[in-house]
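Please look through the structure shown here with attention to its contacts, its core and its aromatic rings. The paragraphs after it lead from one region to the next.

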Amino acid sequence: MSNYAPDVRAFHKQASINALRSAKHAQAQRQNPKNQPSYASLFDRSKLPSPPRYFESQGLTLSSGGAWRNAVCPFHADTKPSLRIRIETGAFKCMACGAHGGDVLAFHMLKYGQNFKSAAMGLGAWKGAAK
């Protein structure tokens, strides 16, 4: 047997210990998340504006019919409508610059550089926030 075998065994033993510690830490985090705020009790998705109303208030002219509408993208210098908006959900994707999101809240966050809470407050979907 070579003289490297004890080092290899010690390495594997330490790796196993580290993996076990990591698993225990992850389990503890799931069970007790160190006083993290619960946005679920403060955010009310039903208070978000309807996608057509919101996008028109942002100065976008929605063209064409169907579930997906076209608009000029506000995230880059756009001359032809390259922003596609799903009118039922507010999901959007720009075919030119790649800007995308799943609802009006994501659009608001991207357009104004806000975090989740600030954008939700700005749209009146945060409890206790005046619109």
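Leu62 touches Pro52, Phe55, Arg69, Asn70, Ala71, Ile85 and Ile87, when residues up to four places away in sequence are not counted, contact here meaning heavy atoms within 4.5 Å. The place of Leu62 is in the loop between H2 and S1, where helices (H or I, at least four residues) and strands (E, at least two) are DSSP runs numbered from the N terminus. At 18% relative accessibility, Leu62 counts as buried; the term buried stands for under 20% relative accessible area, exposed for over 50% and partly exposed for what lies in between, with a 1.4 Å probe and protein chains only. The C-alpha atoms of Leu62 and Pro81, which are 19 residues apart along the chain, are separated by 9.1 Å.

This is a predicted model, in which local features need pLDDT of at least 70 and side-chain atom pairs count only at pLDDT 80 or more, while totals for chains, interfaces and linings use all residues. Residues are numbered from 1 along each chain as its sequence is written, and side-chain values use heavy atoms, with hydrogens and water left out.

The loop between H2 and S1 also holds Ser64, whose phi is near 70°, a positive value in a residue other than glycine. With a relative accessibility of 43%, Ser64 counts as partly exposed. Gln58 lies in the loop between helix H2 (51–57) and strand S1 (68–71) as well, but Gln58 is buried, with a relative accessible area of 17%. Apart from residues up to four places away in sequence, Gln58 touches Phe107, Lys111 and Tyr112. With Lys111 there is a polar contact between the two side chains, at 3.1 Å; a polar contact is a pair of N or O atoms within 3.5 Å, of which, within protein, one must be able to donate a hydrogen and the other to accept it, and residues adjacent in sequence count only if both atoms are side-chain atoms.

Asn70, in strand S1, is buried at 19% relative accessibility. Leaving aside neighbours within four places in sequence, Asn70 is in contact with Thr61, Leu62, Ser63, Ser64, Pro81, Leu83 and Arg84. Asn70 and Arg84 are 14 residues apart in sequence and 4.8 Å apart in space, C-alpha to C-alpha, and their side chains make a polar contact of 2.5 Å.

Which residues touch the most other members of the largest nonpolar core? Of its 22 residues, they are Phe55, Leu83 and Ile85, a nonpolar core being a set of buried Ala, Val, Leu, Ile, Met, Phe, Trp, Tyr and Cys residues joined through side-chain atoms within 4.5 Å. H2, strand S2 (83–86), strand S3 (92–94), helix H3 (104–112) and H4 each supply at least two residues of this core, and H3 gives the most, with 3 residues. Beyond residues up to four places away in sequence, Leu83 has contacts that include Leu60, Val72, Phe92, Cys94 and Phe107.

The buried residues of H3 are Val104, Leu105, Phe107 and His108. They lie on the same side of H3 because they cover an arc of only 160° around the axis, the arc being that of the directions from the helix axis to the C-beta atoms. These buried residues pack against H2, S2, S3 and H4. At the start of H3, a side-chain oxygen of Asp103 comes to within 3.2 Å of the backbone nitrogen of Leu105, and H3 is followed by Gly113, whose phi is positive, near 65°.

Phe107 also belongs to one aromatic cluster, together with Tyr54, Phe55, Phe75 and Phe92. The structure holds 8 aromatic pairs, where rings of Phe, Tyr and Trp (its six-membered ring) pair if their centres lie within 6.5 Å, and planes under 30 degrees apart count as stacked, over 60 as edge-to-face and the rest as tilted. One of them joins Phe116 and Trp126 edge-to-face, at 6.4 Å centre to centre and 75° between the planes. This pair links distant parts of the chain, with Phe116 in helix H4 (residues 116–122) and Trp126 in the segment after H4, 10 residues apart. Phe116 is partly exposed, with a relative accessible area of 26%, whereas Trp126 is buried at 6%.

How many disulfides does a search of the whole structure find? The search finds 0, a disulfide being a pair of cysteine sulfur atoms within 2.5 Å. The sulfur of Cys94 is 3.6 Å from the closest cysteine sulfur, in Cys97, and therefore too far for a bond. Cys94 is buried, with a relative accessible area of 1%, whereas Cys97 is partly exposed, at 37%.
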